[in-house]
Amino acid sequence: MSTSVTYPATLDVRRETVLFLSALLHAERRRRGTRRGRRALGCFAQAVLILRWFTDGTRIRQLATDNNIGSKTAYRYLHEGIDVLAAHAPDLNQNAGLTHVNLDGIVIATDRVATPGPNGADLWWSGKHKHHGGNIQVISAPDGWPLWVSDVRPGREHDMTRTRTRTRTHEIVPALAAVRSSLPTLA
């Protein structure tokens, strides 16, 4: 028989950050017409759940357990928060004062995705990083502030191959076109 141990934890973000996200979530609930008391978590607790996922990479199952909610609800709350944050992302056309933009990618580790690809090789396995993951491209300001984030693609795709491939298929083209006319892009 296993026993569980309860322990206190501290989230390493400023309280103002949690309050900001909480206010965005509250505004979204009002916009949707969500009645008070109809959600398992309040806006503040949902903001903490989202920020734990972003900062610590806490697994959904653990977030659900810690908040006494189901995994599906935790996923729904997480994606709702991501959508709210994405809606408040700065517009790429607001590039006043920027000397250039950066284009870079990252493979975010996951243990939940596997898809056979050509010759039976797993599309989501990154040989370079030696783990499964999703490849994401980011256009950022010189200080690193993200201006645009791509959809997730299989981790097997190399950054530069992905950029060339996605440029041909249209995803990065509009994003870069919004800034390229007046700013150099470092990749």
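These are my notebook entries on a predicted model.

**Helix H2**

I started with H2, which covers residues 43-56. I checked its length first: at 1.5 Å a residue, its 14 residues should span 20 Å, and I found the end C-alpha atoms 19 Å apart, so the two agree.

Next I asked myself: which residues of H2 are buried? I got Cys43, Gln46, Ala47, Leu49, Ile50 and Leu51. I remembered that an α-helix has 3.6 residues a turn, so residues three or four places apart point the same way. Then I looked up what covers those buried residues, and the cover includes helix H1 (15-32), helix H3 (60-66) and helix H4 (71-87).

**The cores**

I moved on to the largest nonpolar core, which has 19 residues. Leu21, Leu25, Leu49, Ile50, Ile69 and Ala74 touch the most other members. H1, H2, H3 and H4 each give two or more residues to this core, and H2 gives the most, with five.

Leaving aside neighbours within four places in sequence, Ile69 is in contact with Ala40, Leu41, Leu49, Ala64, Ala74 and Tyr77. Apart from this core I found another one, of six residues, including Val101, Leu103, Leu147 and Trp148.

**The hairpin**

Last, I looked at the strands. How do E3 and E4 run, parallel or antiparallel? E3 (residues 131-140) and E4 (residues 146-149) are antiparallel, and three bridges join them. I noted that Val138 stands opposite Val149 in E4. The two strands form a hairpin with five residues between them. In the turn I spotted Gly144, with a positive phi of about 95°.

Key
Residues numbered from 1 in each chain as written. Predicted model: local features only at pLDDT ≥ 70, side-chain atom pairs only at ≥ 80, totals over all residues. Heavy atoms only, no water. Helix = DSSP H or I, 4+ residues; strand = E, 2+ residues; numbered from the N terminus. Expected span 1.5 Å × (residues − 1). Buried < 20%, exposed > 50% of the residue type's maximum accessible area, 1.4 Å probe, protein only. Contact = heavy atoms within 4.5 Å. Core = buried A, V, L, I, M, F, W, Y, C linked by side-chain atoms within 4.5 Å. Pairing = 2+ DSSP bridges.
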